[in-house]
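Work through the exercises below with the sequence and the structure at hand. Each task is followed by a solution in steps.

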Amino acid sequence: MVTVRAPATSANLGSGFDVFGAALSKPADVVRIEPAEETTIEMYGAGSEYIPEDPEKNVAGAVAKALDAPAEIRIDKGVRPSSGLGSSAASAAAVAVAIDEAYGLGHSREELVPYAAEGEALVSGEAHADNVAPSIMGGFTIATPEGVTQVDASIPLVVCLPELVISTRDARRVVPRSAEVSQVVDCVGRAATLVAGMFRDDPALVGQGMEDGIVTPARAELIDGYDGVREAALEAGATGVTVSGAGPAIIAACEDERRKGIASAMLDRFAERGIETRAYQTEVGRGAELF
Ligand SMILES: Nc1ncnc2c1ncn2[C@@H]1O[C@H](COP(=O)(O)OP(=O)(O)O)[C@@H](O)[C@H]1O
Ligand SMILES: N[C@@H](CCOP(=O)(O)O)C(=O)O
């Protein structure tokens, strides 16, 4: 039996649509696997009642198939589905790392990323690697068709998860098909600033780099109360605020001592609209861990 904990992740970080991602120190999925003749899946934990156990419909089955390694798989969800916190990616990442260990396949962490991305193709229609890369490798990641660049960054974060459900597949349909050159220039500047911030462990630069005028405005409209929550987080000292992944989670970067105040400001603003919300005071964290 092999056990792996794989973390939730926040993709895009504003200016890095489908490219940037960060592992979060919490929450996480825990997966136990045993090699078997055929793949079976049992689901437990947060939101598991909404996730199919059929290997053809669960990301875990897609990853086992991609690695050609059937297994009995038990998944304890810490990351509820359709959250914008890489719920499906956490399971996919954990299964890839666990199967590699159990079957002694000997893949590197970077080599496992495309196998885990097959799970994302199953649920969102595209094998985007911006969630599975940080969940497998940890830290901040830049995922491109050429591979993954990883940085062990240390940035305090607050993530708010309202009781709203947005599927990544649906949220991908609102992404604009084109952008003005002036918008692209702004986005390149923001993205470069964010990368510099991650290398320097500088929350101010990371926050500046989280601004985005192309994808985020369309996504924000799907989240009831987004503008008010963002404003409240900035007033409480956040250096930057954006939609986490496809939403509805909202992520804020900040200095360590500001996390508590930002979390409570965001929670209050959602509460004013009668939306139950959970806040995680977290940080850029480690990737999948074997037990
Ligand atoms: N092991 C899994 N964990 C989470 N979601 C899964 C899993 N397998 C399949 N799914 C499906 O994936 C969808 C959630 O994925 P997605 O919309 O990308 O949300 P998230 O942003 O939280 O990853 C749901 O429809 C869910 O049923
Ligand atoms: N780049 C993807 C990321 C989706 O992240 P998730 O956590 O919502 O699954 C997108 O923005 O569509």
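**Exercise 1.** Which of the 22 residues around ligand 1 come nearest?

Solution. This is a predicted model, in which local features need pLDDT of at least 70 and side-chain atom pairs count only at pLDDT 80 or more, while totals for chains, interfaces and linings use all residues. Residues are numbered from 1 along each chain as its sequence is written, and chains are lettered from A and ligands numbered from 1 in the order in which they are written. A residue is near a molecule if its C-beta atom, placed from the backbone, lies within 6 Å of it. The nearest are Ser 87, Ser 88, Ser 91, Val 123 and Thr 168.

**Exercise 2.** Describe the shell around ligand 1.

Solution. Start with helices (DSSP runs of H or I, at least four residues). H1 (59–66), H2 (87–103) and H3 each give at least two residues to the shell, and H2 has the largest share, four residues. Next, take the domains, whose bounds come from an automatic or database domain assignment. Domain 1 (2–151) and domain 2 (156–283) each supply at least three residues of the shell.

**Exercise 3.** How many residues of domain 1 are in contact with domain 2?

Solution. Two residues are in contact if their C-beta atoms, placed from the backbone, lie within 7 Å. By this rule, 24 residues of domain 1 touch 33 residues of domain 2. Strand E2 (20–35) gives the most to this side of domain 1, five residues; a strand is a DSSP run of E, at least two residues. The C-alpha centres of the two domains lie 23 Å apart.
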